[in-house]
Amino acid sequence: MSAATTWKEKLAGQIESSLAEEIDTFETQILLRKEGKMEEKLFAETRLRRGAYGQRYDNGQRFDGAQNRQLAYPEHETKGPDTLWHAPGMMRIKIPFGGLNAEQMEVLADVAEEYSEEILHITTRQDFQIHFIHIEDTPDLMRRLAAVGITTREACGNSIRNITACPLSGVCRTETFDVTPYAQALMRFLLGHPDCQDFGRKFKIAFSGCEHEACGLANMHDMGGVGVVQSIDGIEKRGFKLYVGGGLGAVPHQAQIYSEFLPVEELLPTAQAISRVFARLGEKKNRNRARIKFLVAKLGIEEFRRLVEEERAILPDDSNWTAFLSDLSVTEEKPLKRGQSLNGGEWIAGFTEWHRTNVYKQRQEGYAVATVALPLGDITSSQLRAIADISRRYVRETVRATVEQNLILRWVSETDLPQLYDELNALGLAEIGAGTIVDVTSCPGTDTCKLGIASSRGLAGELRKRLSAESANLDAAIEGLRIKVSGCFNSCGQHHAADIGFYGNSRKINGITVPHFQVVLGGQWKENAGSFGLATGAIPSKNIPEAVARLGKRFVAERDRDELFKDFIARLGKREIKAMLEDLTQVPTYEENSWYYQDWGDTREFSMEDLGIGECAGEVVAVGIMEIAAAEREVFEASVALDEDQLAAAWNGALNAMLRAARALVKEQWYDVPEEADVVVTEFRNRFYDSELFSPKFANYLFAAYQDSTTSFGKIQVHRFVEEAQLFIEGAYTCYDKIVVPAEHPTA
C-alpha cells in the first residue's frame, strides 16, 4: 500500500456497509474527543462498544506499536480519565463461537505485528485481545478486520458480548446436535439490534450441545442454550433448554431454567423479548446490581418468564427470526482429506503424550481434533500465521478458539497427526496437557487490567511450570481437575467454576502490603458449570503452589472410588481444609524473607498504589485489624453452617461479620462507637461510604441485607450472601489500608 493510499481507500467496497459507516463515525468521534468537543464519559461508552479499552500501566513504559519500539513514558501521564490519549490501550476482537479461517488469522497476526507487540491473547470468551494499541490506530485496525468478516462491535460496553459455543460442536461424540448455526444466527440478529442498546450492563450468551460436559458453560451465563430434542407428533424436533440469570462476577449466580424446551424457531424472538425486558426493568443507576442475574433474582423466574412471554406476544413479526433455519448448512464443515485411522508405527519423541492429552477423536470415523495448547492464552503473530498455513494444508481452515484459551484444529485425518505434531513442535506449539490440571486458565490480572490486585498470570505461569514438571507422575484423579485464576474478585478467570480457583487480594503485614490469593473450592467445571465454589481463606501468593500440592495429595490419598473433587471437598469440610492450610497463611517479616513481598513474575515490591489508595484519615491501632480478621473468621463459620444446611445461622453469621468489620473501621475514628447495629451502619455510611473510602459495591451488600431482613432462607440465596460477606471483608481490609498510617519502610 502506497503512502498516499489509506486503508479506508484500499478496503472500500470490501466491508459491509453498516460496519464501514460505523467505523467512519468512530473515527470522527476520536477527532471530536481529541479536540475537546465530545465529553470523555460519552466517548468512553462509544469506544467500549467498539472494543477499545484503556489498560493499566505500572512499569513506566509504553509500547509504540506503529513504530515497533519501547518509549519512555512519564508516570504522571498514566493517571486520569484521558489516559487513552497518552498511552496505548487494549483492543478486544469478537470471534463468535471461536470460529476462524486462515485469512482471518493472518490479518489478526498482521495487525498485532503492525500496531502492537506481536502478541495476541485468547480470552475465556473465545475473543482475541491485542494490547498496547494506540487509539488513533483503531479505525484502520477495525477496517482491516471487518474486510475479512471480523468485528469489534459490542465486544465491550453495556451490550451483547461475544456469543460463545462449545468448540467441539459438530464433531462431538456426545452432543445432541450442532449448535454452531444457531449461535451464529443469534449473533448476527442481535449485533447492533436496537432492542439491545439500552442495557445497564453487559449481557453474555453461550450455547452447548451437551448437558453433562463443560461445553458452553450455559449455567453461568446471562442466557444459555443447551441443545435438546423432543418427539412431537412422532417427529423429532430440535430446541434448547434455555437458562437465564446466570453470571459470575463478584457474587456468582447459577442460571435458572427459563424453558425446558424452547423450539429453535423461538430462539431469536425469545432472545429479543428477554433483551427488551432487561433493557426496560434492569438496574441502570447502580452498576453493581445491573446484570440480568439481579433482575431475575429480584422478580423470581416465574414472574420474569411471564414478563418475557408478554413481551414476546407483542413483538412485530420479523422474517429474520426463522430465515436462517432454511439453511443450517451455512456453518457446516467439510474435511480436506480422507479420514484414516492412526494404527501405530514409529512416532517421534513426545508424540504419544501429546496425542493422549491434546487429541480428541471425533464422532466422524478417521478424524480427530488437535488442540494447540497456549500457556496463558498467548500466541505470537508469526505462530498464528503458521497455524493459518497449517490449517490450509491439514484441514479446510477449520480452527476454533476455546474458552480455555487454546486453539483447536478440527477434521484432522488421524494419519496426519504425527506430522502435525512435528510441525507444531518446531513452532513451539506442542505443549502437552490440554484440558488437564496443567492447562491453567488466567485473566490478564495486574499485567494490564486496571482492576487487578495480584498477578494472576504470574501465579498461573508458576503453577503451570510446576505441574508440567510433574505431569508424568500425576495421578489420574488429579489430572482431570481444572485450576483457574483471577487477579481480583470479578471472576474473569472463572475461578468460581473451577475445581480449585483463586482470586487476588492483599493483606498488610507489619505495615507492608503482601499479595495474597483467596482460595475458592467446591466449584464444578462439568455439567455446564454445575456448581460454584466458596472462598475458604486467603493465602500469601508465594504459598499458593504448596496449597495446590497439599490439596492434590490429600485428594489422591483419601478420596472414595470415583468421588468428584467437589464432593471430596464437601466431605472433608471447611474446618479440616482450613486446618490443613493454616500454616500457609503465615508471612515472615520483610527482614526475614522479602520474597513474600513481591508478586509472581515481578521483581518489584508489591503495591496497591495503582488501585487508588486514598489519603490517611487517622491513626489505626492494632485492634482494628484484629477485629476485621475476626469478622473474616465469622464468615468462615457462616460458610460451615451453610455446608451443614443451617441456613438461618449462616445468614445471621454473615450479617454479623459485616457489622463487626464495619464497626472495626468506625472505631478507628470514633473509639467509643456504641454496639447498636443502627448506629454502626449509619456511622459506617457517613464516614466510609459517603467519602468513598470503602468500595460502594461491597458496602451495598451490608446496606441491602440490613435494610431488608429476611425470615425465610433458600440455600442459593444464603450461598450468595456468604459470598457477599466475604467480599465485604475484603473491602474492609482495603479500606483499613487506606486509613492506616504507613509504617516506616524497612530497608532491604
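Student: What makes Arg144 count as buried?

Tutor: In this predicted model, Arg144 has a relative accessibility of 7%. Buried means under 20%, so Arg144 counts as buried.

Student: Why is the contact of Arg144 with Glu114 called a salt bridge?

Tutor: The closest N and O atoms of Arg144 and Glu114 are 2.8 Å apart. A salt bridge requires such a nitrogen and a carboxyl oxygen to lie within 4 Å, and the pair therefore qualifies.

Student: Is Glu114 buried or exposed, or in between?

Tutor: The relative accessible area of Glu114 is 33%. Buried means under 20% and exposed over 50%, so Glu114 is partly exposed.

Student: How do you know that Lys526 and Glu213 form a salt bridge?

Tutor: The N to O distance between their side chains is 3.6 Å. The limit is 4 Å, so Lys526 and Glu213 meet in a salt bridge. Lys526 lies in helix H17 (residues 526-529), while Glu213 lies in the loop between strand S9 (205-208) and strand S10 (223-232), so this pair ties together parts 313 residues apart in sequence. Lys526, at 46% relative accessibility, counts as partly exposed, and Glu213, at 32%, also counts as partly exposed.

Student: Why do Glu311 and Arg276 fall into separate accessibility classes?

Tutor: Glu311 has 6% relative accessibility and counts as buried. Arg276 has 25% and counts as partly exposed, because the boundary for buried is under 20%. The two side chains meet in a salt bridge at 2.8 Å, N to O. This pair links distant parts of the chain, with Glu311 in helix H10 (residues 301-314) and Arg276 in helix H8 (residues 267-281), 35 residues apart.

Student: What joins Lys8, Asp24, Glu27, Asp140 and Arg143 into one network?

Tutor: Salt bridges that share partners join these residues. The structure holds 58 salt bridges.

Student: How many helices and strands does the protein chain have?

Tutor: The protein chain has 25 helices and 22 strands.

Student: Why is the protein chain called as compact as a globular protein of its length?

Tutor: Its radius of gyration is 26 Å, close to the 27 Å that the globule rule gives for 748 residues, so the description applies. Buried residues make up 58% of the 748 residues.

Conventions. Residues are numbered from 1 along each chain as its sequence is written. This is a predicted model: local features need pLDDT of at least 70, side-chain atom pairs count only at pLDDT 80 or more; totals for chains, interfaces and linings use all residues. Side-chain values use heavy atoms; hydrogens and water are left out. Buried means under 20% relative accessible area, exposed over 50%, partly exposed in between (1.4 Å probe, protein chains only). Helices (H or I, at least four residues) and strands (E, at least two) are DSSP runs, numbered from the N terminus. The radius of gyration is taken over C-alpha atoms; the globule rule is 2.2 Å times the number of residues to the power 0.38.
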